[in-house]
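Subject: Structure for you to look at

Hello,

Here is the structure I promised, with my notes below it. Please read them with the model open.

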Amino acid sequence: MSWNLAYTCLIAAALAASQPAAAQVDTDSQASAPSGPIRLVNRSTAASREDATASDATDAPPVLERGAGSRHATKPIVSEFEAYASLLAGPGIEVRRLGSDLMLGSRGTAASLEASRQVPSDYTVGVGDEVQVTAWGSIDADLRLTVDRAGRIVIPRVGPVVVAGVKLADLSDLLSRRVGQVFKNFQLSATLGRLRSIRYYVTGFTARPGAYTVSSLATLMAGLIQAGGPSEAGSFRSIELRRGGQIVSRFDLYDLLVKGDKSADVPLQADDVLHIGPIGPQVAVLGSVNKPAVVELKGSETIADALNIVGGLTAVADHSRISIERLSERNDRRVVELALPADAGQKLSDGDVLRAFSGVIVALPQVKQYKRVRVEGEVARPGDYVLSPTSTLQDAIRVAGGFTPQAYVFGTDFSRESVRKTQEENYDRALRDLEIELTRSTSTQRAGSADEAAAQAQRAMGTARLIDRLRAARPTGRIVLQLDQGTRDLPALQVEEGDRLYVPARPNTVGVFGSVFNGGSYLLRDGSTVDDMLKQAGGPTRGADVGSVFVIRANGSVISARQSSSGWVSFGSGFAGLQALPGDTVFVPEEMNKTTFIQEAKDWTQILYQFGLGAAALKTIKN
């Protein structure tokens, strides 16, 4: 037993002497457990196994051989044609070369991507790769062995094995056969740990020419991103991979971007050269396309090819026509309109600008439009309906099933989007004018005493609050239909896209608000007048402006005490003759300083009637 142990120690010493950096047998473990499996230990890596394992997860080879420059992404330079295309596209729209976004990664992007990539089964083992060998059974092995310059790894008690040039898929079988010449009854698995680095060169029209170092897993595309891609004068469609003076692959980036074809993206090898040629003819594709961009042409590509490259026309584009501006004709006809698809086969030239039209920006004439109308309230079938171009409000009620018995047709609220936009424009302009006049009137007033100055400041604050309240109330787009009380039909007015009809139920109250003793809604009795409703609210207060009382009818119309035709001369007998109708809103304004501009410039009935604010806005703007 002692002779066998001594013999084993001599073999181990011989191996250690002949391979000082290689693996050796753990004789201590064999001596303590001679009956167990033979353990093979790589002494040179066992001490640093923990560090190697930690670094393997985040391993990334050096990125750049050209010095320690900044590795942060930089925005590429905009070419003259890109700037021209952006100008034609309109404010706020930046038109870039197709594929330029792909090249905005940092210099370490490719390295980090390759470091986390799984090694493919057809990967060829080479000098500098680290082979991880795991064996169990009659032997116990967990080895990390680096391929030396002779293409070998040295396995303890087995000896050197040539693995350079072997595919990863065949590596386990090769090592199992070699170890099987020494040991029996075991199983073995081999994989790769740290991979070797390779150096390649980028030349031609590139943002950062020079030599780069990447992982041996890197492909042509990864190497291109690592170098920052083509410059503003470089081609995205003429990229060559040269190896040993021969062209190995011609890479067209558009094949990858547009078609998803990665067949030309071959793996890089040491001393490969990526050569980027000069940019080819360019055209700009603008307007209603899925990806407005500057497109590089290759060969005799046509309008149809350029549209396909940018993803085609959008869903709202006009598919029947397109415009083209040719560089050779910019001093003559400039822009020519072409028919699609008849003229889609025309060839393009350098500097052409294609523009696709939108089919929805320009509205069709009303006589051709089918209108989407919403009918709500007291109708048999409320909802959204699509009506023919010549349909009227009566047709809208008819398709909704007609009025219910509770419908209050007189109070129908008819709103139109086009009217609302016009009202908003006029309303904002009127508010600006009012604010200017109020400011001018306030600034010209002189105070003779401190009390007058305080009063003027108070009035200025009140004016500012009034302007803010007026801004909070927005026009609704309501159109007053001028219906008669008791009517059961609407006028034959043609509808527009987005119209809204709301038919309320017949109310039984009248609202009284403003400068009264007890504002609120009061039950309407047959034969009641506006004067009667004011009395139910306690009548006007001492600070009320009785001469400016007005009534908003349910149909949207406004009746004011200032209208000479109404017969209202003063509070009392003048109101007694005006019948109160269901849904009326009576408003009593506050008395204002007669010397201020507010009294002369602003009339409540004008605001409500002209801009369609309605009774709901009174709670916002009332003082």
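In the protein chain, among contacts (heavy atoms within 4.5 Å) with a separation of 6 or more, 66% join residues 24 or more positions apart.

Some ground rules. This is a predicted model, where local features need pLDDT of at least 70, side-chain atom pairs count only at pLDDT 80 or more, and totals for chains, interfaces and linings use all residues. Residues are numbered from 1 along each chain as its sequence is written, and side-chain values use heavy atoms, with hydrogens and water left out.

Overall picture

The protein chain has 18 helices and 26 strands. Both are DSSP runs numbered from the N terminus: helices are H or I with at least four residues, strands E with at least two. Of the 623 residues, 43% count as buried. Buried means under 20% relative accessible area, exposed over 50%, and partly exposed in between, with a 1.4 Å probe and protein chains only. The accessible surface of the protein chain is about 31,900 Å². Carbon and sulfur atoms hold 52% of that surface. Areas come from the Shrake-Rupley method with a 1.4 Å probe; for residues, only the protein chains shown count as cover.

The five-stranded sheet

Look at the open sheet with strand order S23-S22-S26-S24-S25. Its pairing is mixed. Two strands pair if DSSP finds at least two bridges between them. From one strand to the next, the twist averages 20°. Axes here are lines fitted to C-alpha atoms, for helices over the stretch in contact, and angles run from 0 to 180 degrees between N-to-C directions.

Now the pairs. S22 (residues 509-514) and S23 are antiparallel, with four bridges. They form a hairpin, with five residues between them. Val512 has Gly520 in S23 as its bridge partner. S22 also pairs with S26, this time parallel, again through four bridges. There, Gly511 is bridged to Thr585 of S26. Thr585 also stands opposite Ile552. S24 (residues 550-552) and S26 (residues 585-588) are antiparallel, over three bridges.

Two helices

H7 (residues 168-180) has 13 residues, which should span 18 Å at 1.5 Å a residue; its end C-alpha atoms are 19 Å apart, so the two agree. The expected span is 1.5 Å times one less than the number of residues. Leu168, Leu171, Ser172, Leu175, Val179 and Gly180 are buried in H7. They lie on the same side of H7, because they cover an arc of only 150° around the axis. That arc is taken over the directions from the helix axis to the C-beta atoms. The buried residues of H7 pack against S3 (130-137), S4 (139-146), S5 (152-155), S6 (159-162) and S7 (186-192).

H13 has 23 residues and reaches 33 Å from first C-alpha to last, close to the expected 33 Å. Its buried residues include Gln456, Thr463, Leu466, Ile467 and Leu470.

Which loop holds Glu497? The one between H13 (450-472) and S21 (500-503). Glu497 is partly exposed, with a relative accessible area of 30%. Leaving aside neighbours within four places in sequence, Glu497 is in contact with Gln369, Tyr370, Lys371 and Arg372. Arg416 is 81 residues from Glu497 along the chain, yet their C-alpha atoms are separated by 8.3 Å.

Best wishes
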